[in-house]
Structures are given as structure tokens and as C-alpha cells.
Amino acid sequence: MDLRATQRGSSKGETMRPAAQQYVVTRPLYSEESFAQDHEKIYRHRKTMLDHIKQYFTCDAKRAKSTALSLLPVIGWMKAYRLKEWLLGDIVSGVSTGLVAVLQGLAYCLLASLPPWYGLFSAFFPVIIYFFLGTSRHISVGPFPVLCLMIGSAVTRLVPDEGPAFNITGFEGLTRDEQRVLVASSVTFLAGVMQLAMGVLQVGFVVMYLSDTLVSGFTTAAAIHILVSQLKFVLGLEVPGISGPLSLIYTLEIIFNKITSTNVCDVVISIVIMVVVFIVKEINERFKSKLPVPIPIEVVMTVIACGVSYAFDFKTRYGIDVVGYIPKGYEAPVAPNPQIFQETAVEAFPIAIVGFAVAFSVAKVYSIKHDYTIDGNQELIAFGVSNIFGASFRSFAASTALSRSAVQESTGGKTQVAGLLSAVIVMIVTLAIGFLLEPLPKSVLGAVIIVNLKGSLMQFREIPYLWRRDKADCVVWLASCIGAFLLGLDLGLAVGLGVELISVILRTQFPRCSLLANIRGTDIYKDRKDYISIYEPEGVKIFRIPSPIFFANIEFFRNKLVEAVGFNPLQVLRKRNKAVRMIRKLLKKGKLQWTSIGLLNTSCGPINESEDESNMEELDQPTDFKDFPARIDWNAELPANIAVPRVEIHSLVLDFAAVSFLDISGLKGLRALLKELIRVEVEVYIVACDPYILEKLHDCSFFDDEVQSSMFYLTLHDAMLHILEKHPEPIPKKSDYEKIMTGVTIHHLPGNLRSRDRNASPTQTKL
């Protein structure tokens, strides 16, 4: 049928925008079948699983070169390195970042419950490997406080401050510190193996399951853990390391019990350091556009504290705990302990995931800012190899710290040459001048760590915003934060991830279904509750499904549809079949007879017939009128006390525009529901169905004599025009003349038409 679109005046109270360009499109009314007949599709060969496997293992010169470049990204960006433009910036950035890396390496090592100088190893070895394998040009690889705390939890569990260590082969003859270093390096090695395996298997997408909301709540709780863990250094107290659920509460209890033993000198030093560092960092933030290089206040205060501590002999005079002896050079490689793998596998996996997630998030920020791409799978490989290599030389899990990466980027760093130079600075300190840091009070390191927690702790301000905007996200934030706060970081991450997945499942399982109505004078359909000027043809319902249909929500979808149409089709069908049985018996007994006006009661008195409950399965079958001269009008009044629920609609339109997939359970449930509706004489139309879903329905033998492919229409408007043609309404009043458009009005974007449209009129395009 060729529908001519006409442009008429709008209804009362509705005026067209005079500046809007109007185009009238004349095209046939399309069902999916008629559209397929008029427009031939291009056949596309779809690859099978075997094809993908063959392609994966096929190798040629071009692919070998591409693989080499992807595995060694340094080759790509070094070829494009602008020596004159970038080298000076990389040198300045490398020196600045190296100084910060030295300080943070010493400080964050305290979180891992290891001797401070091992933090210098973590700021050196992983950086060397990442230089060759990483795809980000701006992140600074090295210790990250949350990872250090997670490593420290495993370390203090296997080698506690008080009491014997776990009975692990390989601990014999080692000091407590050496045992802890072995645990930390083994956990790091295992986490690196996990990251490398995920990278090789191309599963870098797993980080997508950690939403920004979950990471925010998790890092906020981690910041609280870090704050509490540093109180013992700031207050100068001896507090044993505690791990496991409620470890934070137990640690605070011990601190409060020992608060009277606080070292006043440690407290004074910490307060002075925190105040000065905080003020200068605020100045750096406020005047960052005017300062060529941020003031490295942590490094400056560390140097001053070292000098003052050495000059006044704080360790002897005031009993302050200092960094102490820092050995020169690097230690020989050490093999990881397989028995430790067994004891820490549960802790190593969240370390691997969190380390990669944080680094990838920071790398993504800088890649967008500087317009280059990063590869998630290659980043997994880079961090996996970095951690494996570093663990062999007694370093612990590496990721990136936002503050250190900000220094590397803001001081002019253009590539990982800056990262390599920062590793050189760390190496110089390790090999030559590390002894200068021996008098440094640990309270200074604790104060520097605490003052850098400001950004993480301020994330609490997100709670009111999330509650107003998205309560489900707010629940995820609170669950991940509270879970990590009470249960520890590893279990807390699992709790947050579980709540996040549950929230997604619930929102998919219980979507917001709605009834649509036509916006008068247009081909647009919106939620009938949201607009005033709407048109709803009598006997027609338009039901929108805004989610996939699968095993978990098919029953919910059915209930919502029954609620929307106002009747249960299965119950109506059973009532009708029972009524047909009764009418057939009464006709045989002569108590009813057919007349020109329908069924007539020939009995003198009221007829009371008990319901026949035999053959109940037949009640769900299509109503059989083969013995009747005509069909029964179920909406008319029936004789003989027969009552059947009325069905007020003749057509139901299901909008599948938002249905992205349909599983087998959903397919079966949908088919059963459609059969029930068709058997109670409701015409069902499905519109805007995804082609792949429609193809799946054909492949799964979805269609039969009742459920036919002709019920699928290209658009919602096509289906509505077909329904209005099949079930014309009474002649409308003049004021209701423009209820529904019989064509499509579109706004054509300015610009040249495609080559095959050039012969069309510039003011009217016929499709």
C-alpha cells in the first residue's frame, strides 16, 4: 500500500516552529516480511568458532610485525620521538618524579610492613620493564598505597609482629624481616602471573566490572585503613600489625589503649610536616597555571627533617624511630615460594585486579588528554611482567600513584623516557647516597602519607550527589566502602563487586515497562503518563520493554504485560473453553438454541450447570467452534448464567526497540504468552525487533500456524497505521481530524545528498 503523506495544519494549541525545515516522506507501509521482499540484503559470511581459531593461529609477515610492535610499544613511540622538543621536558620530569618516587618508595614500604629500603626496589625494577612493554606515556609506575596495604595484610598474617610465623618451608634460618620480604615478593610474583595470564588470554575487559563508583568507595575505605596504619608512626607507638575482618577496629583499640605512651616529639614533627605540606600543596593546586614546576614540598621537608634529626640526634635524645641502616646496592635474585602461593592465592587475585584497574584508569585519563591510545590487554602484560621481574629482585606489587603520575605529567614529561630517568634517580640513591636518609624519622614518612590521603578521603562528598542522582550507585559505593572498612580490602572488594552485580541484575530483571501513546500529529510515541496531547486508538495497547528478555525477567515481563492490558489471557482462555463446553451441552439438551440474533435460552427457569473439570489440559488449547454455526461474541451478554471476562482490546503492539537479546527461556516464555493472547483473539504486533533476534527466532523454530512472522513490523508507526486500516475508527469529529500522522515527517540535515539521491528534489525526498 502506498501511503501519501500530507502536511496539514496542526491541531488547536499546537503550532509548528516556523524556522524548522519540513520534509514529507512517501513510502509503503512495511512489515518485516514486506521490507525484506522490497530490499535485498547483502549476504555476509559469519565466522564460526573454528574460523576464529584458525585466524588466531595463522601467522604471516604482516601479523608478525604487528604482534612485535604491540608487544613492544616502545618501538612505535621511540621511532616518533621528537628529540629537540621532548628531551628537555622528559629530563626535568624524570628528575622531579625520581625524587618523589624515592620518598614515596620509603613511605609506602611502611604500609607493606617491610624495611623502608625495599620500597626503592619497587620504584626501580618495575619501571624498567614498563618502559619497554607499557602503552601509557605518562603514568609513573611504582608503589601504590592501597596495594602496599593489601601486601602488608598478607605479610602480617603469615609473619605477625608477635608470635610465630606460619610453618612454611623456606622460612628456616631467615630473620623476621627476611621472611616478610619473601612473602611480599612471592605474593607479588603470583599477582604478576595472574595479570600476565589475563593479558595473554585477552581478558583486559574484566576491569570494566569495577565501576568508578565501586573504585571510589573502595579507595575511600583503603584511605581510612592507610590513615589508621600510619597513626602508630605519627604517635610513636608500638602497635602490632593485624589483618583480617575487623582489623581496623582492633588496631584502633590498641592505639587508644596505648595513647598515654605517645612520643611527643614524633607528634610535633608530624603536625609540622602535615601543616607545611598541606599548605604548599594547596598553593601548588591554586597557582598550577603560573608555576612552571610544582614545588616538591615533600622532598624539601624530608631533606630538612633528615638534617634536623641528624643535627639534634633525635633517635638517641627522644627515642624516635628512624629509617635506620640502608644497605647499598641490590640483592641477588630470589625464587618465589610455592607454598606461599597456596596460602595467599585469595589475596593475590584482588591485588592483581586492583593494581591493573587503578593504573589503567589513570592511564586512560592521560591518554585522552594527550590524544593517544592505550591497550588494556597490553597493559596487563606490561604490569604482569613488571611484577614478575620486580618480585625476583624483592620488590612488591607495583601500579601507579595519581600524585606521582601528576608530577611526571605536569613537569613536562612526554614519554616513558621520563619514567626511565626517574628510575635512574632511584638507582643513584640506592647505590650511592641512600645513607643520607638513615636519620629520617618514620613519623615524617607517616605524615607525608597521611597528608596525601586528602583526595581519597574527600570522596565522601560523593555520597549526597549519588543519592540524589542514582540510589543504586550510592548503595554500591556504601557497600564497597563499608565492606572494605570492616572486612578488609580483599573481602571488601568482593562485597562491593557482588553488590554491584546484584544492582545490575535487579535493574535488568525488573525494568521500567511502560504503555506508549501517539503524540498528536506526529509519528512519535512516548510514555502516556508524560504527555498531555496524546492519542490512543480504542482497543489498542502499545507496551514497551526496555531491557533484554531472559530467564530471570520473563515472568516479570509477563506480569507487567498482564497488568497493562487489564486481563490474564490464560485465565480468559480457560473461562471461554469452559463456557464452550457448557454451551455445547446445553445445545444438546435443548436448553439453548441458535437464532439470528445469537444464543437464546429456551428453558423456563434459570439454568445451573456444574463446571466440567475433566480434560483440564484442553482448556489451554485454542477455542473450538467447529460444532457451532457461528463464532460466539464474547463481549456480548451470554445466556444461562455464563460469565466470561471481557477483553477490551483487539490489538497489542510490543515495542522491542530496547530488547538487545533473547535467551532460550525468554523465547519459550514469549512464545507461550503470544499464543495465549492470539487464542483470546488479540492481534499481536512486534515492532523494531533487532535483526539478529529475528534471525534467532527463525533458527529456533519460533513460528508456527498461530505465531507467525507476519506479526513483525519495521517501525511502531507502520504497525499503528496497519491497525488503523484494519480496525477503522468511527468518522472523527473535525477537532480530532489530525489524530495520527499517515506519513513520516523528518528534519533533513543540511549538506550534499549521497550520489544515489542527487536526482531527488531538494525539498522533498521520497523513500
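Modeller: What follows goes through the salt bridges pair by pair, then turns to a helix contact and a loop residue. Keep in mind that this is a predicted model.

The count comes to 19 salt bridges.

Start with Arg27 and Asp718. Their side chains meet in a salt bridge, at 3.0 Å from N to O. Arg27 belongs to strand E3 (residues 27-28) and Asp718 to helix H28 (residues 716-726), so the pair ties together parts that lie 691 residues apart in sequence. How accessible are the two partners? Arg27 has 19% relative accessibility and counts as buried, because the cut-off is under 20%. Asp718 is buried too, at 3% relative accessibility.

Next, Arg82 and Glu85. This pair also forms a salt bridge, with the closest N and O atoms 3.5 Å apart. Arg82 is partly exposed, at 45% relative accessibility. Glu85 has a relative accessible area of 55% and is exposed.

Now Arg671 and Asp704. Here the N to O distance is 2.7 Å, again in a side-chain salt bridge. The two residues are 33 apart, and the pair links distant parts of the chain. Arg671 sits in helix H26 (residues 664-679). Asp704 is in the loop between helix H27 (691-699) and strand E14 (712-713). Both partners are partly exposed: Arg671 has a relative accessible area of 24%, and Asp704 is at 25%. The pair is also part of a network. Salt bridges with shared partners join Arg671, Lys675, Arg679, Asp704 and Glu706.

On to the helix contact. The axes of helix H7 (residues 125-133) and helix H16 (residues 376-392) come within 8 Å. They cross at roughly 150°. H7 and H16 are therefore roughly antiparallel, since the angle is over 145 degrees. Their crossing is right-handed. From H7, the contact uses Phe125, Pro126, Ile129, Tyr130 and Leu133. From H16, the residues are Gln378, Glu379, Ala382, Phe383, Val385, Ser386, Phe389 and Gly390. By type, the contact residues of H7 and H16 divide into nine nonpolar, three polar and one charged.

Last, the loop residue. Ser113 lies in the loop between helix H5 (83-111) and helix H6 (118-122). Ser113 is buried, with a relative accessible area of 18%. Leaving aside residues up to four places away in sequence, Ser113 touches Gly152, Val155, Thr156 and Arg180.

Key: Residues numbered from 1 in each chain as written. Predicted model: local features only at pLDDT ≥ 70, side-chain atom pairs only at ≥ 80, totals over all residues. Heavy atoms only, no water. Axes fitted to C-alpha atoms, helices over the stretch in contact; angles between N-to-C directions. Helix = DSSP H or I, 4+ residues; strand = E, 2+ residues; numbered from the N terminus. Parallel < 35°, antiparallel > 145°, perpendicular 65-115°, else oblique. Left-handed = near helix turned anticlockwise from the far one by under 90°. Contact = heavy atoms within 4.5 Å. Nonpolar A, V, L, I, M, F, W, Y, C, P; charged D, E, K, R; others polar. Buried < 20%, exposed > 50% of the residue type's maximum accessible area, 1.4 Å probe, protein only. Salt bridge = Lys/Arg side-chain N within 4 Å of Asp/Glu carboxyl O.
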